[in-house]
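Me: I am new to this structure and would like a close look at a single part of it. Could you pick one residue, walk me through its surroundings, and then show me where it sits in the whole?

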2 protein chains.
Amino acid sequence: MSNQNSNLSSDAASNRRMIILTDGHSNPVTAKTACSLLRYRQSEVKAILDRNAAGSTAGQLLGVGDRIPVVANLDDVADAKTLVIGIAPPGGKIPEHWRTIVLDALSRGMNVISGLHEFLAEDSEFAAAATKSGAMIQDVRHNSEKDVANREGIRPDCLRILTVGQDCCVGKMVVAIELSRALQRQDQTTKFVATGQTGILIEGDGCPIDCVVSDFISGAVEKLVLKNQQHDILFIEGQGSLAHPRYSAVTLGLLHGCLPHGMILCYEAGRTAVHGMPKIGLSSLTELSAAYQTMANLMGPSKIIGVAMNGRLLTDSQASQERERVRNELGLPTCDVIRDGPGELVTAVETLRNELAARGEQSC
Amino acid sequence: MSNQNSNLSSDAASNRRMIILTDGHSNPVTAKTACSLLRYRQSEVKAILDRNAAGSTAGQLLGVGDRIPVVANLDDVADAKTLVIGIAPPGGKIPEHWRTIVLDALSRGMNVISGLHEFLAEDSEFAAAATKSGAMIQDVRHNSEKDVANREGIRPDCLRILTVGQDCCVGKMVVAIELSRALQRQDQTTKFVATGQTGILIEGDGCPIDCVVSDFISGAVEKLVLKNQQHDILFIEGQGSLAHPRYSAVTLGLLHGCLPHGMILCYEAGRTAVHGMPKIGLSSLTELSAAYQTMANLMGPSKIIGVAMNGRLLTDSQASQERERVRNELGLPTCDVIRDGPGELVTAVETLRNELAARGEQSC
């Protein structure tokens, strides 16, 4: 067993032949790790494990993943090599009834990948099972970041775009990936900079910033920028929200660590309360837009350049109305990158780049 | 050796008979742990260890601590029981040439207290020396905080005042302590809530929030509030600054974890650049005041109620002019709690409490 993240890139390039564990938690918000791997690494996913839904498909259960089967047992998949913890619960602890499944996998010699805050490799029972079988435990959030930000060596002609949110779990990672891929199709060199466990599993590198010691979060983000700024554009995965009662520190450390030229405000239409905290209402998009700009501008010129609406709960007609409402309310390009495609936000990124170039602030 | 913080209170009540190590770093900003222990725990301090200044006094060397001697060797103090790392360098690493001094202390059986990010108890050479002699290593920043904030059970009739800053190392801890003590003298039950290593060494409890994993910083602060809200007023020690390139995440996690009714903006007169980052200018007090209020009000009503000026670099006449200038610029009560006494800010706290009581928002 080990906790080495250095091989993520080569792992990602190979086929991890994954069973994704969402047992009893198979909804698209809690099981967002599962959904995102189904969306962006589908060829590596052999099955979803949820005993309550065995026999159905990932598409039926989670709305993504097409005909990937849902199974009840590890035995139901002949050639699986890896068990992935497919959920991201608040606080990051493993559900108690999952222990036997994880132990079973490790005992069979399957590697286990987890993005939980509770490190599986530090659990003596899991560690012993892994050592015995030769399986590897990969705690994606494990890190030893201990460098502060220095604000030195940042390339002005690499455009930095950060996705920011009204709340956590609204699709900031998806927006960053979709924009990065769209600009790549236009022959730009872009990089999706992963800052969370799911993004890291998809991209093969990154930093799990919400698990970095607070004093070093901006330093860890700055290192991601320095490492990747050979690209024309970085699309940096946002985390949490400046108005999130639990995670606003993570959001600000990320914002001040990456110094974005532009931000894209992401939200889920229809959500009224903070995810996981039903008594606490969300701040309005207008209020949040101002807060992000205020905080970003303490460090340098930056602005919200567009809104990414997650319309998964809406019908097409509702989505169309909502998009128009928000576009008018904020006076910004607005689209649902999944339903509408990212075109309107791609144009917003190009417009920003042209503005900066015209002012000589960014030379691309 | 160990890393148990649970006995800090009883330690604080006893006499730790401390030698404070500032060797080669004896300036009031870097050696702020030393200065604050000299100010608030002087009866426990036997000597300062700085080989370059041996023979002088703490008062001469650091401007605080009166006739406490500065020595060159541990041998120069007969009955010392504890060596304290007296500095707080960016990144929190021990200066390399201090290793022999720390090893010497541990080998003699002296306990070593450190507030560095680099945990001394995890250094195999230090740990071995401590184990051999029976000495204890106390890494004040060591913690295992893993709870998110929940926003439940917070008492509305306990007034929460947070000191916030234009920068780090401007005196936020001193202001919180002085205000807490001043209100105690008026028969209020108050508590200084320590959030940094020096405050914890002075108060005997608290949480080293800059060393908490980012996802849990607001949760750790919320627990401090819940634990201490039997008091009339909490004076919560601020950290960093919302505009600090390195530590703004810590500042926001603290702000959103303690939900202050009022904030006191602290700054050092004459400072123009970020501490330790001479190329980065400070945001203005007006800009920062607005930023703090914007971020606090995302969670609930809160405002800046006064300004604490640290005028240590000024003459009396300069200080008087500067105080008047800031009072006019921000339209807020302003004083240097050391030079002028905290009276004007005490009145500001009482005024806030009366305002809240009149509106029925806070029932004291």
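Reply: Gladly! Let's start with A:E203, which is partly exposed, with a relative accessible area of 28%; that term covers values between buried (under 20%) and exposed (over 50%), using a 1.4 Å probe and protein chains only. Please keep in mind that this is a predicted model, where local features need pLDDT of at least 70 and side-chain atom pairs count only at pLDDT 80 or more, while totals for chains, interfaces and linings use all residues. Residues are numbered from 1 along each chain as its sequence is written, chains are lettered from A and ligands numbered from 1 in the order in which they are written, and side-chain values use heavy atoms, with hydrogens and water left out.

A:E203 belongs to helix α7 (residues 197-203) of chain A; helices here are DSSP runs of H or I with at least four residues, numbered from the N terminus. Beyond its neighbours within four places in sequence, A:E203 is in contact (heavy atoms within 4.5 Å) with A:K191, A:F192 and A:A194. With A:K191 there is also a side-chain polar contact of 3.1 Å, meaning a pair of N or O atoms within 3.5 Å, one able to donate a hydrogen and the other to accept it; residues adjacent in sequence count only if both atoms are side-chain atoms. A:I177 lies 26 residues away in sequence, and its C-alpha is 9.2 Å from that of A:E203.

Notes: Helix = DSSP H or I, 4+ residues; strand = E, 2+ residues; numbered from the N terminus.
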